[in-house]
Amino acid sequence: MNSVSQSSLLEQPASTPLMDVLIRIVLIGALAVLCYQIFSPFLTLTVWSIILAVTLYPFHQWLARRVRKQWLASTLVIIIGLVVIVVPSAWLLNSFADTTRNFIGSVQDNTVQIPPPRPGIENWPLVGKKIHKGWSKAHDDLPGFVKSMQPKIGDLASKALAMVAGIAKGLLLFLASFIVAGILMAYGDPAAAASHGIFVRVAGPERGEAFFKLTTSTIRAVASGVIGVAFMQAILTGLALMLAGVPAAGVLAVVVLVLAIAQLPAVIVTIPAIIYIWSSGLYSTGSAITHTIILLVVGLADNVLKPLMLGRGVDVPMPVMLLGALGGMASGGILGMFVGATLFALGHQIFMGWVTDDPNADPAVLQDEAAELGQAAAKT
C-alpha cells in the first residue's frame, strides 16, 4: 500500500501541469471561437477598412500636415472617397441591379423579345445544334420555352434577386468602410504601433520588423496599383457605356472590374460595345464616332493609370489575383472581391518570402526587399 501511494504521489506532480496546460488550451480555444462568431458578421467590413486605412494613410498624413488636425484630415478623406468613389460606384451598381431586375420581370411577364438565331450557329462543333434548337424555340414560343426550363429559371431568378439584394448590402458596406477607415486613420500612430507589436511578438524583433514592412508595402501596392487601377478602369468604362446608352452598362462595368483585377485589358468589353454602336443603327455617324473615341480612350486608360498610381507593380502572378478576386466575390460579394484579391496577394507575398528566406541569413535582406516595395508604393 505504501508503494502504491508513493507511486501515485510521484505521478501527480507530472500530470497536474499537463492538465493545466490542456485546460488552458481548451478555454482559450473556446474563447477564440466565441469571439470569432461574434465578430464574423463584421469581418469583411473590418478587413477592407484596414486595407483602405493602410493604403490611404500617406495621403491622410499629407492632408493632416496642411490642416494640422487629424480628425479634419480624416473627414476630408471620407468626403473625397464618397464623392470620387462611392457615388459613381452606387450609380453603376444601381444600373447593374436595374438591369437584372428588369430582365427577371420581362421573363416572368413574357415580354422579352428573342431575335432569331443567326445562320451558321448550327454548324458550330459539339454545341452548335443544341444552341440553335434552344434559341429557335425561345424565338418561336418564349412562354413555352420558359415553362420548359422550370424550375431552373425560378432558381436563377431567385439567385439574381439575391444578387441584387447583395449589391445593396455591398453599397452600404462600402460606405461604412470609408467611415471606419477614416476613424482608423485618425488614430493611425497607435494602430501602427499595435500592429508592429503583433508582428514582433509572432516573428521576433528583427523578422517581425521586416514582415511588418513587407505587409504594409504589399497592401499599398496591391490596393493602389491593382485594385485601385481596376476600380478606376471599371468606373470610367461603365460611365462611358452609360453615356453611350449601351445596354447593361452596369453589368459590363463589373465584368471590366474582374478582368482588370486579373490584369486583362478592358478592350475585351469596349471593342464589342463599339461594334454594337456601329451595327445597331441607333446612332448617327457623329455620335458613333464620338462614343467610339471615348470607349477606346477609357479601354486603354490602364496604360496611364498604372504608371500614375504605382511606380512598380507588385510581383504577384495573375492567377493569384484572379482566384482571390473570384473567391472573395463568391464569399463576400462585391466588397469581398477587393478583400480577397488583396489578402490572397498578401498571403502569396508572405509565403514566398518565407519559402525563399534562409533562417540563418541576415534579416536585413528581407527588410531591403520590403523597403524597395514600400518606396514603390509611396509613389502613389
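Analyst: What follows is a set of questions and answers on this predicted model.

User: How many helices and how many strands does the protein chain have?
Analyst: Read from the N terminus on, the elements of the protein chain run α-α-α-α-α-α-α-α-α-α-α-α-α-α. The count for the chain is therefore 14 helices and zero strands, with helices taken as DSSP runs of at least four residues.

User: What share of the residues in the protein chain is buried?
Analyst: The accessible surface of the chain comes to about 22,100 Å², and 70% of that surface belongs to carbon and sulfur atoms. Buried here means under 20% relative accessible area. Among the 380 residues of the protein chain, the buried share is 36%.

User: Of the contacts between residues at least 6 apart in sequence, what percentage joins residues at least 24 apart?
Analyst: A contact is counted when heavy atoms lie within 4.5 Å. Among contacts in the protein chain between residues at least 6 apart in sequence, the part that joins residues at least 24 apart is 72%.

User: Which residues have the most contacts inside the largest nonpolar core?
Analyst: The largest nonpolar core has 41 residues. Helices H2 (43-67), H3 (70-108), H6 (152-186), H8 (205-244), H9 (249-261) and H13 (318-356) each supply at least two residues of this core. Apart from it lies another core of 11 residues, including Leu241, Ala249, Ala273 and Ile274. Within the largest core, the residues with the most contacts are Trp48, Phe174, Leu257, Ile261 and Phe338.

User: Which residues does Ile261 touch, leaving out those up to four places away in sequence?
Analyst: Ile261 is one of the buried residues of H9, and it is also among the residues with the most contacts inside the largest nonpolar core. Not counting residues up to four places away in sequence, Ile261 touches Val226, Ile227, Ala230, Met321, Ala325, Met337, Phe338 and Ala341.

User: Is helix H9 mostly covered or mostly open, and how many of its residues are buried?
Analyst: H9 reaches 18 Å from its first C-alpha to its last, close to the 18 Å expected at 1.5 Å a residue. Gln263, with a positive phi near 65°, follows this helix. The buried residues of H9 include Ala249, Gly250, Leu257 and Ile261. H9 is mostly covered, and the number of its 13 residues that are buried is 10.

User: What distance separates the end C-alpha atoms of helix H7?
Analyst: Helix H7 covers residues 188-203 and is followed by Gly204, whose phi is positive, near 95°.

User: Is His60 buried or exposed?
Analyst: His60 lies in helix H2. Not counting residues up to four places away in sequence, His60 touches Gln70, Ala73, Ser74, Val77, Met185 and Ala186. Its relative accessible area is 0%, so His60 is buried.

User: How far apart are the C-alpha atoms of Leu45 and Leu175?
Analyst: Leu45 lies in helix H2 and, at 14% relative accessibility, counts as buried. Leaving aside neighbours within four places in sequence, Leu45 is in contact with Leu173, Ala176, Ser177 and Leu335. Leu45 and Leu175 are 130 residues apart along the chain, and their C-alpha atoms are separated by 9.9 Å.

User: Is Ile25 buried or exposed?
Analyst: Ile25 is found in helix H1, residues 2-39. Together with Leu18, Met19, Val21, Leu22, Ile23 and Leu27, Ile25 makes a nonpolar surface patch of about 670 Å². Its relative accessible area is 54%, which is over the 50% cut-off, so Ile25 is exposed.

User: Which residue forms a salt bridge with Glu209?
Analyst: Side chains of opposite charge can pair when their charged atoms come close. Being four residues apart in helix H8, Glu209 and Lys213 are separated by about one helical turn; Glu209 is partly exposed at 22% relative accessible area, and Lys213 is partly exposed at 34%. The count comes to one salt bridge. Its closest N and O atoms are 3.8 Å apart, and the partner of Glu209 is Lys213.

Note on methods
Residues numbered from 1 in each chain as written. Predicted model: local features only at pLDDT ≥ 70, side-chain atom pairs only at ≥ 80, totals over all residues. Heavy atoms only, no water. Core = buried A, V, L, I, M, F, W, Y, C linked by side-chain atoms within 4.5 Å. Buried < 20%, exposed > 50% of the residue type's maximum accessible area, 1.4 Å probe, protein only. Expected span 1.5 Å × (residues − 1). Patch = residues over 30% accessible without salt bridge, like charges linked within 9 Å, V, L, I, M, F, W, Y side chains within 5 Å. Areas by Shrake-Rupley, 256 points an atom, 1.4 Å probe, with all protein chains shown as cover. Salt bridge = Lys/Arg side-chain N within 4 Å of Asp/Glu carboxyl O.
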